[in-house]
Amino acid sequence: MMNIIVVGAGIVGSSVAYRVAQGGAKVTVLEADRIGGGTSGVSFAWTNSNNKTPRPYHDLNVAGMRAHAALKEEFGATPWFHQSGSLEWRVDPAEAAAQAEKVKRLRDWGYAAEFIDKKRLGELEPEIALDAVPDEAQIVFCPEEGWVDPVLYAGTMLRAARQRYGAALKTGVRITGLETRNGRVVGARDESGALHEADLVINCTGRWSNETVSQTAPNVPLAPTIGFLVFTPPVGVALRRPFHAPDVDVRPDGAGRLMVRKDSLDDRFAALESRTPDCEEARIAIASAAEILPGLKGVKAEAVRTTMRPIPADGLSTVGPARGVDGYYVVVTHSGVTLSPFLGQAVADEVLHGRQRPELEAFRPARFQA
Ligand SMILES: Cc1cc2nc3c(=O)[nH]c(=O)nc-3n(C[C@H](O)[C@H](O)[C@H](O)COP(=O)(O)OP(=O)(O)OC[C@H]3O[C@@H](n4cnc5c(N)ncnc54)[C@H](O)[C@@H]3O)c2cc1C
C-alpha cells in the first residue's frame, strides 16, 4: 500500500487527501494550523471560468465546476455548494466592449453566459435597486457559476477520508523540508525535527508551498497578490447569488451575512496588514455595496480580512512532480476553490495509477525549472 503524506488541510489538500485515500493509499494529512485556516478560509470562493485564459486553463476551471456539481451524487447532499449562477454588469464603454468580447469567447467555448435586461436582473435579485444600475449597463448572467463554503467543504472531505478510507489528520504539525535518500523522498520533517515517513509527499500548502520544502525541493515561483474582504453582520438583504458590479463584488456568505470586495481597495495594501472592522476601507466597501443594495445602508462591517492569493508567477496552476526529486508532488494554484474537486481526482489518477492526465499537461512545475 502506498504511504502518502498530504501537507496542508485547505481546500486543495482536503480534495487530494480524500481521493488518494479513496484510491487505496495509506494517507496522513499534516496541517500546521487548522482545517481551512489558510487562504481557503478567506476567499471570495466564486466557482467560475468566467475570464480564464488560455483555453487549457478555462477547460480546467470548467472541469472544476462540473466536479463540484458531481459531488452531489457521491455525498447525497452538498450544503457547502451553492450553484446559484452569478451576475456581472459593466457601464464604461471600454469595459463593456471587453465584456462583450469575453462573452462571445465563452459562448464559442460552450460556456453558459447570457445577456439579460434590467427587468430580468430585478426578477433574479429583487434586493438590487434598479435605479442604481444605469440603463446603458450591459448585464451578463452565468447560470452555472456559484460559490462554495470552502471550510465546510474541506472539513467534509477530510471527515470522509478518515471515516470511509482510514486516512489520518494531524494538526499542529509544521513541515519544514523533505527527507530524501539517494534522490528519493522517504518522508517529511517537521519543525521539531521529527520525521514523518512516506513514499510520496504531496505539497498542498498554497502560498506557503516554498517554505514547506525550503531548499529540499525545487520551488514554484509565486507572484501573490493581496485581497481585502469585508464581512457584514447578518442583514435582512436576501441576496441570492454573487454579483460583480463596476468595482464592487458582493456575495452571500451564509446566515444572512454578505461578503464585499472592491478591486480598487486591494491596491491600498502593499503587504498583509491587519485592519479593524471600523477602518476606512471597510466603510468604503460597504458604502459601494449599499448603493446597489439599499438594505445595507447604515450597516457596519462585522469583520475584515486581508489575505494573499497563492498565484504561481505566470498566473496558472502548478500541478505535478518536480524534476529531480522522486516522490514529491506539488499543487499550488489560484482559483483553488473552483478547481479542487477536479484536481483531487486528477492528482489521485496520476500518483496512484501513473496515468498522465492530459488536462494537467500545461500546468507542470517543470516549466519553471531550467
Ligand atoms: C481574496 C481572495 C479571493 C479569491 N477568490 C477566489 C474565487 O472567487 N474563486 C476561486 O476559485 N478561488 C479564489 N481564490 C483563491 C482560492 O481561495 C485559493 O486558490 C485556495 O483557497 C487555495 O487553497 P489551498 O488549499 O491551496 O491553500 P490554503 O487554503 O492556504 O491551505 C494551505 C494549508 O497549508 C497549511 N500549511 C502552510 N504551511 C504548512 C506547513 N509548512 N506544514 C503544514 N501545513 C502548512 C496552512 O495552515 C493551510 O491550512 C481567492 C483567494 C483570495 C485570497
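Where does P54 lie, in terms of the elements on either side? P54 lies in the loop between β3 (46-47) and α2, where helices (H or I, at least four residues) and strands (E, at least two) are DSSP runs numbered from the N terminus.

1. Basis of the note. This is a predicted model, in which local features need pLDDT of at least 70 and side-chain atom pairs count only at pLDDT 80 or more, while totals for chains, interfaces and linings use all residues. Residues are numbered from 1 along each chain as its sequence is written, and side-chain values use heavy atoms, with hydrogens and water left out.

2. Backbone features. The peptide bond that joins T53 and P54 is cis, with omega at about 0 degrees. N182 has a phi near 55 degrees, a positive value in a residue other than glycine, and it is placed in the loop between β10 (175-181) and β11 (184-190). A255 also has a positive phi, of about 55 degrees, although it is not a glycine, and its loop runs between β16 (248-252) and β17 (258-261). N182 counts as exposed at 84% relative accessibility, and A255 is exposed with a relative accessible area of 64%; here buried means under 20% relative accessible area, exposed over 50%, and partly exposed in between (1.4 Å probe, protein chains only).

3. Domains. The protein is divided into domain 1 (3-63 + 150-220 + 313-368), domain 2 (86-143) and domain 3 (225-309), with bounds that come from an automatic or database domain assignment. The C-alpha centres of domain 2 and domain 3 lie 21 Å apart, and the contact between them takes 15 residues from domain 2 and 15 residues from domain 3, contact meaning heavy atoms within 4.5 Å.

4. R90. This residue is in strand β5 (residues 86-90) and counts as buried because its relative accessibility is 17%. The side chain of R90 reaches the backbone oxygen of H244 at 3.5 Å, a polar contact being a pair of N or O atoms within 3.5 Å, where within protein one must be able to donate a hydrogen and the other to accept it, and residues adjacent in sequence count only if both atoms are side-chain atoms. Not counting residues up to four places away in sequence, R90 touches several residues, among them E95, E136, H244, A245 and P246.

5. Ligand shell. The ligand is surrounded by 38 residues, and the closest are E31, S40, S43, T333 and G336; a residue is near a molecule if one of its heavy atoms lies within 4 Å of it. These shell residues divide into 17 nonpolar, 16 polar and 5 charged, where Ala, Val, Leu, Ile, Met, Phe, Trp, Tyr, Cys and Pro count as nonpolar, Asp, Glu, Lys and Arg as charged, and the others, Gly among them, as polar. Domain 1 and domain 3 both give residues to the shell, so the ligand lies between them.

6. An oxygen atom of the ligand is 3.0 Å from a polar backbone atom of V12, and a nitrogen atom of the ligand is 3.2 Å from an N or O atom in the side chain of T212. At S335, a backbone N or O atom lies 3.3 Å from an oxygen atom of the ligand. Taken alone the ligand exposes 1000 Å², of which the protein buries 96%, with accessible areas from the Shrake-Rupley method with a 1.4 Å probe. The elements that give two or more residues to the shell are α1 (11-22), β2 (26-31), β18 (303-309) and α9 (336-353).

7. Three further residues. A67 lies in helix α2 (residues 55-75) and is buried, with a relative accessible area of 17%; leaving aside residues up to four places away in sequence, A67 touches P341 and F342. L265, in helix α7 (residues 263-266), is buried at 3%, and its C-alpha atom is separated by 8.4 Å from that of G227, 38 residues apart along the chain. L169, in strand β9 (residues 168-171), counts as partly exposed at 21% relative accessibility, and the C-alpha atoms of L169 and L30, 139 residues apart along the chain, are separated by 6.2 Å.
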